[in-house]
Amino acid sequence: MNEILKKPLQILGKPLDLAIGAIDKKFEKYDPIWRAEHGVGGERDRYYDKTGIAKYREWRGVKDTLRDYRAWLINVSNMVKMFAGTPIHAVKGIWEYRWMGSFLGAFCFVDRLFEGYRGYNLQIACLNGNVIVKVLCDKIGTILKNDRRLGGGPMSDNLIGMDETLPALFTAGFPTLIAEPLQTLPEFVICDVDQHIEPYYIDVAESYGLSADVCSRCSAETGVTIDDAFPIFGKVAIATNEPCNASESTSMFQRRRFQRMGLKDYQCVLAMQHNLPNGHVFSEGELRNCIKFIEEEYGVKYDWDAQFKVIKEMNEQIDIEHQKWEIFKTPYSALSGISETLYRLVAFALANGMYPYVTKNDRKVLKIMEKAYKEKVLPYGGKTRHRAFLWAPSAVYYTDYPTWIQNCWGVCIVLNMDSTMGNVKMNDHDPEKAMFDMACYTEKGVMRHHAVGGFDNINAVWDWAKAFNCDMVISNDNIACKGMNGVHAMLEEQARELGFYFFFLPHDLEDCRTISRQDMRNATNNYMNVVLGEEPLDPTLVEFDDSEAW
C-alpha cells in the first residue's frame, strides 16, 4: 500500500524538483557563497556599512531560504507570545531597564549566527536557534511578569533568585517554586546580542572606583548592581563563588543590594579544586545546605520524585549529547560551530532538563545528524580546511566568531569549551547518590571547569582536541583574566610539542572598546594568512567595519 502511495508523490515531486532547480540556477548569482567563489562579492555585501543589519535576507536556494524564513517566523511568534503574555510588564520593562530594549536586536543576532549554513547544517541550526529563543522568551516572560519593580505577579514569592553560573537543576525538587537566573538577562545573555550595552554598566562600576583592569563580566555585573538594573523577585538570592575570584567580589556587591531590596541571601560556595575527591564531597554538602535554606525560607519540603523526573530528562539529553560526540569525531557532522556551542550553553546553564521541548529537539537533531553521517555529507559544502577546538567565552558569540571563521577561512569549530559543561549523568532513583552526582554536575559549570580549579582543567583542552580529531586549538585570551594570562607560555609550549596549530584569540570579554570585533578577526587573519599562508574563502569577510553592530 505504501509503495502505491509513494509513486504518485514521486511523479509529482520530479517536476517540482526540476522547477526548484531551475529557480536556484537562475538566482545563484545572488547566493553570497557563489559570489565569493566567483570573485564578485560575498557574505558582507548585503550589510549596511558599519552595522550588523542586512539589507535583505541571505539567498540560499529555494528550499533553504524558505526553511530559514520559517525559523525566523517561529522566533517572531515566540517573542510575540512572550509580550502578549505580559504586555504591561513588558512595556514597563523596556521603560525601566536599559538592557531590555537590546533584546529587540535578537533577530539580527540569530540571522548572523547561521550565515552560510546550507542543507542539514541549516536544518539543525534552525531547530537549535528556535529552542534558544524559546527558552529565553520563557525566562524573560516569567521574570518580567513577576518582577516587583514592575508591579509583581502571581509567582513573585515563589521564584528563587539564582546566580547565573549556578545550574538550577538541583532546585527541581521544589516543584512549586521556579529558580530563575539573576544576571542572565541584564548581563550574561544580552552581551551576546548587543555588544554595546555592557560598556555602559562597566563605566558605572568604574565611576564608583572599581579598577579598570578587572574582568569586564564582573565589572558589568557590578555596574548593573550599582545602576539598580536587576529585576527583583522571590524571597532569596542564591550566590556562588563561580567561576573565579573576581566573581566572588561581584557577589559581595550584589548581596548588599539584594539585601536592601528585602531578599535574604545564601552563599553556595562550591569547591574550587573540584577535581579532587574531597572537593565533590564539599560541594555536595553545600548543595544540601542550600536546599535546607530554601526549605526554611519558603516553607516547602524537597520532593525527590519531582527531582528524579528532571534528572531523567537531563540524563537523556546527556545521552544524546554523547551520541552526537561520536559523530563530531568524523568529517560528516551536520552540527558544529555556533549552532552547537550556543545551544549547549543554553541547555546546560538555563534549561537544566526543566523544558521537555529541549529533549524533543535533541532527538530530532540526532536523527538529522545520523542521516547526514549515513549519506556521508560533508558540512559547509566540503570547504572545511581545519577542525578546531575553541576554548573561549562570550566574546565569540557577539562577534559570530565560529560562523565567521568557517565562512572566511574554512575553519570548522567542532566544539567550544561551553560544549563540555555538565556532561555528568546522575543517579535517578537513590537520593544519596543523586545528591553527589548533582554536585559533580554543578561543578562542571561556566568557566569553572575551563579556566579555574587547577591546571588540569586548562590542560584538558588538548585531550578534547585529540578526542575530536582536531588539528587546531584556538585559545581564550581574555586580557583582564589574571588566570589565563598566567598560562600563555605553557599553552604555547604544549601546542608545539603536541603538533597543534595554535593561536590566542584576544578579547576583553564584554567590553568591545578595548579589543574590537575587527581586532579579534585580525588576530585570526594574521595567523591564517601570515603563519599558515592560506587565502580566505570569502575576501569580503577579512576586514570590514561593524563597529556599530549589535
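# Close-up views of a predicted model

View 1. Thr 51 is found in the loop that runs between helix H2 (32–37) and helix H3 (62–85). The structure shown in this view and in the views that follow is a predicted model. Is Thr 51 buried or exposed? Its relative accessible area is 15%, and because buried means under 20%, Thr 51 counts as buried. The side chain of Thr 51 reaches the backbone oxygen of Tyr 48 at 2.9 Å. When the neighbours within four places in sequence are left aside, Thr 51 is in contact with Arg 44, Asp 545, Asp 546 and Ala 549.

**View 2. The open sheet that contains strands S5 to S8.** Four strands make up this open sheet, in the order S6-S5-S7-S8, and their pairing is parallel. Strand S6 (411–416) and strand S8 (501–507) stand at the edges, and because each has a single partner strand, one side of each is left without a neighbour in the sheet. From one strand to the next, the twist averages 30°. Strand S5 (residues 386–391) is joined to S6 by five bridges, and these two strands run parallel; within this pair, Leu 390 has Asn 416 of S6 as its bridge partner. S5 is also joined to S7 by four bridges, again with the strands running parallel, and here Ala 388 stands opposite Met 472 in S7.

**View 3. Strand S5 and how it is enclosed.** How many of the six residues of S5 are buried? Six of the six are buried, so S5 is largely enclosed by the rest of the structure. The covering applies to both faces of the strand, with His 386, Ala 388 and Leu 390 buried on one side, and with Arg 387, Phe 389 and Trp 391 buried on the other.

**View 4. Helices H19 and H21 against the sheet with S5.** Helix H19 (residues 455–467) lies across S5, strand S7 (472–478) and S8, and its direction runs at about 160° to S5. Helix H21 (residues 488–498) also packs on the sheet, where it touches S7 and S8, and the direction of H21 makes about 155° with that of S8.

View 5. Although it is not a glycine, Tyr 380 has a positive phi of about 55°. Tyr 380 is found in the loop between helix H15 (356–374) and S5, and it is buried, with a relative accessible area of 12%. Asp 400, which is not a glycine either, has a positive phi of about 55°. The place of Asp 400 is in the loop between helix H16 (395–398) and helix H17 (401–409), and Asp 400 is buried, with a relative accessible area of 9%.

**View 6. The open sheet that contains strands S1 to S4.** This open sheet is formed by four strands in the order S2-S1-S3-S4, with parallel pairing. Which strands stand at the edges? They are strand S2 (178–181) and strand S4 (264–268), each with a single partner strand, so one side of each is left without a neighbour in the sheet. Neighbouring strands of this sheet are turned against each other by 25° on average, direction ignored. Strand S1 (residues 159–162) and strand S3 (residues 236–240) pair in the parallel sense over two bridges, and the bridge partner of Met 162 in S3 is Ile 238. Helix H12 (residues 277–298) packs on the sheet and touches S1, S3 and S4, and the direction of H12 makes about 165° with that of S4. Helix H6 lies across S1 and S2, running at about 100° to S2.

**View 7. The largest cavity and its lining.** A search of the whole structure finds six cavities of 30 Å³ or more, and the largest cavity holds about 270 Å³ of space. This largest cavity is lined by 25 residues, of which Phe 109, Ile 132, Leu 136, Val 189 and Val 193 lie nearest its centre. At least two residues of the lining are supplied by each of H3, helix H5 (106–113), helix H6 (119–146), helix H7 (184–188), helix H8 (190–193) and helix H14 (338–351). Which helix gives the most to the lining of the largest cavity? That helix is H6, with six residues.

Methods
Residues are numbered from 1 along each chain as its sequence is written. This is a predicted model: local features need pLDDT of at least 70, side-chain atom pairs count only at pLDDT 80 or more; totals for chains, interfaces and linings use all residues. Side-chain values use heavy atoms; hydrogens and water are left out. Buried means under 20% relative accessible area, exposed over 50%, partly exposed in between (1.4 Å probe, protein chains only). A polar contact is a pair of N or O atoms within 3.5 Å; within protein, one must be able to donate a hydrogen and the other to accept it, and residues adjacent in sequence count only if both atoms are side-chain atoms. Contact means heavy atoms within 4.5 Å. Two strands pair if DSSP finds at least two bridges between them. Axes are lines fitted to C-alpha atoms, for helices over the stretch in contact, and angles run from 0 to 180 degrees between N-to-C directions. On a 1 Å grid over the protein atoms alone, a cavity is a set of points where a 1.4 Å probe fits but cannot get out, and a pocket is an open set with protein on both sides within 12 Å along at least five of seven lines; lining residues have an atom within 4 Å of a point. Grid points are joined across faces, edges and corners, and a volume is the space filled by probe spheres set on the points.
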